[in-house]
Amino acid sequence: MIRPALEIRQSQQLVLTPQLQQALRLLQLSSLDLQQEISQALTENPVLELESPEPAAESVAAEDLFSGGGGPRQDGDDDFFPEAAATPSLREHLLGQISCTRASRRDLALMTVLIDELDDNGYLAASFEEILAYLPESLEVEQGELEAALALLQNMEPAGIAARTMSECLLLQLRQPDAKVWPEARDAAIVALARRLCERHLDALAAGRLAFLCEELKCSPAEVRTAHALIRRLDPYPGRAWTVPVADFAVPDVIAYRSGNGWRVRLNGDLVPRLSVNDAYVQALGQEPRGSYEGLQSHVQQARWLIRQVAQRFDTLLRVSTEIVARQQAFFESGMVALRPMVLREIAEALGMHESTISRATSSKYMATPHGTLELKRFFSTGVPAADGESASAASIQAMMREMLDQEDPRKPLSDSQLMAKLAERGVELARRTVAKYREGMRVPTASQRKAMALMRMDDC
């Protein structure tokens with residue numbers, strides 16, 4: 001028989017306090033998410049205040065910024081970080097069109113549902129089954145109604161919108177091609193051939209299989225090339241005009257600049273919030289008996305915690321960015337081809353931090369460099385041994401390959417073996433299958449495919 005007993009044991013357990021959890025969460029937030037977090041805190045906490053930003057003196061000389069990239073900034077020049085133009089979103093663009101149609105209210109509602117399912121390229125990302133599954137059963141929506149709403153939506157501009165496949169997207173644009181804009185569309189036979197190519201033979205067309213296409217479609221090489229020229233005028237991603245990639249409009253969290261001792265980095269002062277605690281509340285608490293304003297005391301404590309954690313976030317971000325820039329000086333001088341291999345562990349050991357902290361500090365954070373605004377994670381890459389005993393990063397190898405591919409003769413494109421030999425001349429020894437892996441990762445077709453596509457383009461001209 002087991003008898004109950006009391007026993008005292010000592011053990012160690014790592015516990016994350018609420019304050020530490022909040023600090024880690026703030027570190028991982030992007031600048032936009034941090035602004036939203038602070039905005040919410042200002043709404044909920046009456047003692048927290050956001051001071052109006054003052055014109056801050058530049059911490060570096062203007063002529064040192066991006067030396068060699070256009071010269072010193074003069075009065076009247078455009079802002080250093082231009083804001084993205086205020087253009088309507090794809091959703092707003094389409095909603096504006098369907099509101100002018102004579103469709104029923106039910107059709108308008110279903111078209112709105114479909115618009116909300118479009119991805120950044122303008123394609124319908126969800127199937128009818130998925131859409132019907134989340135719509136309330138009480139609405140009694142049938143698949144035929146969705147198909148009718150989709151047909152209406154596909155008549156909107158831009159042409160090819162709301163397609164489910166690239167083939168469908170191109171076919172939508174070929175329904176009524178403008179012969180005044182596209183000379184190839186003046187020949188009805190060529191338009192019909194282009195439709196057949198888009199419907200069943202896009203893969204063969206992309207691979208440049210001219211002989212196969214001529215035999216399959218019973219037409220001449222000249223006709224295939226003319227139809228191909230027409231297809232190339234179409235837009236396979238009709239929604240992209242309303243979608244700007246993040247890196248094109250992301251405001252940098254830190255700014256790299258040239259100094260007398262090389263490249264350095266500073267925080268983007270426009271993103272650093274100036275938070276404070278309202279002095280009137282603090283003075284009121286000091287004049288009242290302890291416990292009189294327990295709720296107010298809690299607000300003051302929370303405000304002070306947030307201020308310290310935000311300051312710590314930017315301090316950590318600056319320390320991490322400074323260490324990255326110190327180790328990647330060659331990148332700032334020469335670009336991606338000079339990016340050295342670097343992993344999170346290196347920065348963590350140098351700063352006495354955990355790798356997870358470095359990962360949080362570099363997630364969704366951007367640096368303005370002379371080679372564009374890059375996410376901090378772009379500076380980390382694995383290494384490949386080089387002939388000089390050093391290592392080349394995977395990103396720098398891809399940049400070398402891109403440079404070689406851009407300079408190749410379109411009629412005699414470089415094979416993987418030739419790319420391997422050229423990389424070896426630069427001191428990077430790679431197996432052919434590794435070169436092929438990098439090429440595929442860059443979404444570059446094989447040499448034979450590139451040659452076939454180049455010849456078709458030349459014949460189009």
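User: In this predicted model, which residue in E5 does Ile 255 stand opposite?

Analyst: Ile 255 stands opposite Ala 368 in E5. Strands of a sheet pair through backbone hydrogen bonds, either parallel or antiparallel. Here strand E2 (residues 254-259) pairs with strand E5 (residues 366-369) in the parallel sense, over two bridges.

User: Which residue in E6 is the bridge partner of Ala 368?

Analyst: Ala 368 has Thr 373 as its bridge partner in E6. E5 and E6 run antiparallel and are joined by four bridges.

User: How many bridges link E2 and E3, and in which sense do they pair?

Analyst: Six bridges link E2 to strand E3 (residues 262-267), in the antiparallel sense. One of the bridge pairs joins Arg 258 to Trp 263 in E3. The two strands form a hairpin, with two residues between them.

User: In what order do the four strands form the sheet?

Analyst: The order is E3-E2-E5-E6, in an open sheet with mixed pairing. E3 and strand E6 (372-375) are the edge strands, each pairing on one side only. From one strand to the next, the twist averages 30°.

User: How many residues of E2 are buried?

Analyst: In a regular strand the side chains alternate between the two faces of the sheet. E2 is mostly covered, with five of its six residues buried.

User: Turning to a helix, which residues of H4 are buried, and what covers them?

Analyst: Helix H4 (residues 105-116) has twelve residues and reaches 17 Å from its first C-alpha to its last, close to the expected 16 Å. Its buried residues are Leu 110, Met 111, Val 113, Leu 114 and Ile 115. Their cover includes helix H3 (90-98), helix H5 (128-134) and helix H6 (143-153).

Key. Residues numbered from 1 in each chain as written. Predicted model: local features only at pLDDT ≥ 70, side-chain atom pairs only at ≥ 80, totals over all residues. Heavy atoms only, no water. Expected span 1.5 Å × (residues − 1). Buried < 20%, exposed > 50% of the residue type's maximum accessible area, 1.4 Å probe, protein only. Contact = heavy atoms within 4.5 Å. Pairing = 2+ DSSP bridges. Axes fitted to C-alpha atoms, helices over the stretch in contact; angles between N-to-C directions.
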